[in-house]
Amino acid sequence: MYYIFSAEVAAAEATDVCPPAVPRDEYLQVYGDFCYQFVIYRQRSYSQADQDCRRQGGILAVVKSQDITDYFVDQLLNKYGYADKVWIGLNDKDADGALMWEDGTSPGYSNWAPGQGPRSTHTTNIQGCVTLVPSLLGKWDDDSCGNGIFGVMTFTQNRFSYICQFHARRVTTSATAVSCAPFVCDIDCGEEQYIKDPDYGCPTCQCGSA
Ligand SMILES: [Ca+2]
């Protein structure tokens, strides 16, 4: 009787869970259920940044918790040494002027810097897009989305860096990460079933009760 078991768990790169279209470089990070692309090497208007994220299969980052805020601030300041504001995926471009995340949800968590907030620094009919300010520990500031022209007025397009987010592919547990070797066993269990290894789910050369 012999039975060979080989546990082949690939030493995968963490970013393997990110969409294939997203470049693998130092600006791509995995945190929780998401891949984040820290686009701190160029500045774009909100709509350009939004388009860049969507072209790669993502959206501008949604920041719904203090935990994500702290993570972004830590990465921006400590990993990339970047303290300037970055676009996140929150704006009031909706017809009724309500703030909405790019994933279609309404803000619950909010983190406005003192004196900032919906429509605080511009007239009521100019669209507002939101930035996260690393130097203010991730507090939010609202800026003109930079759509260029509104009515008779022309605006200078605000261009900032930004963070894209992508769903990370779920990595399943050891049950599927481990492959069972071809089963060889010289015991005939007949009507009974072979017992499965409790740790890996592979059949063992032992008979159980039918
Ligand atoms: Ca503002």
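This is a predicted model: local features need pLDDT of at least 70, side-chain atom pairs count only at pLDDT 80 or more; totals for chains, interfaces and linings use all residues.
User: How should I read the largest nonpolar core, and which of its residues touch the most other members?

Analyst: The general idea first: in soluble globular proteins, nonpolar side chains tend to be buried together. In this structure, the largest nonpolar core has 30 residues. Those touching the most other members are Leu 60, Val 86, Trp 87, Ile 88, Tyr 162, Ile 163 and Cys 164. At least two residues of this core come from each of β2, α1 (46-55), α2, β4, β6 and β10.

User: What does β10 pair with, and in which sense, parallel or antiparallel?

Analyst: Pairing is read from the bridges between two strands, with at least two needed. Let's take the partners of β10 in turn:
- β2 runs antiparallel to β10, joined by seven bridges, and Val 39 stands opposite Tyr 162.
- β3 (residues 59-60) is also antiparallel to β10, with two bridges; here Ile 59 stands opposite Gln 165.
- β4 pairs with β10 in the parallel sense over two bridges, and Trp 87 stands opposite Tyr 162.

User: How many residues of β10 are buried?

Analyst: To call a residue buried, look for 20 or more other C-beta atoms within 10 Å of its own. Seven of the eight residues of β10 are buried, so the strand is largely enclosed by the rest of the structure.

User: Which residues of α2 are buried, and which exposed ones lie on the face turned away?

Analyst: Ile 68, Phe 72 and Leu 76 are buried. Viewed down the axis of α2, the buried residues fall within an arc of 60 degrees, so they line one face of the helix. The face turned away from that buried side carries the exposed residues Gln 66, Asp 67, Asp 70, Asp 74 and Asn 78.

User: What covers the buried residues of α2?

Analyst: The cover includes β2 (34-44), β4 (86-91), β6 (128-133) and β10 (160-167).

User: And what happens just after α2?

Analyst: There, Gly 81 takes a positive phi of about 60 degrees.

Key:
Residues are numbered from 1 along each chain as its sequence is written. A residue is buried if 20 or more other C-beta atoms lie within 10 Å of its own, exposed if 12 or fewer, and partly exposed in between; C-beta atoms are placed from the backbone. Helices (H or I, at least four residues) and strands (E, at least two) are DSSP runs, numbered from the N terminus. The arc is that of the directions from the helix axis to the C-beta atoms. Two residues are in contact if their C-beta atoms, placed from the backbone, lie within 7 Å. A nonpolar core is a set of buried Ala, Val, Leu, Ile, Met, Phe, Trp, Tyr and Cys residues joined through C-beta atoms within 7 Å.
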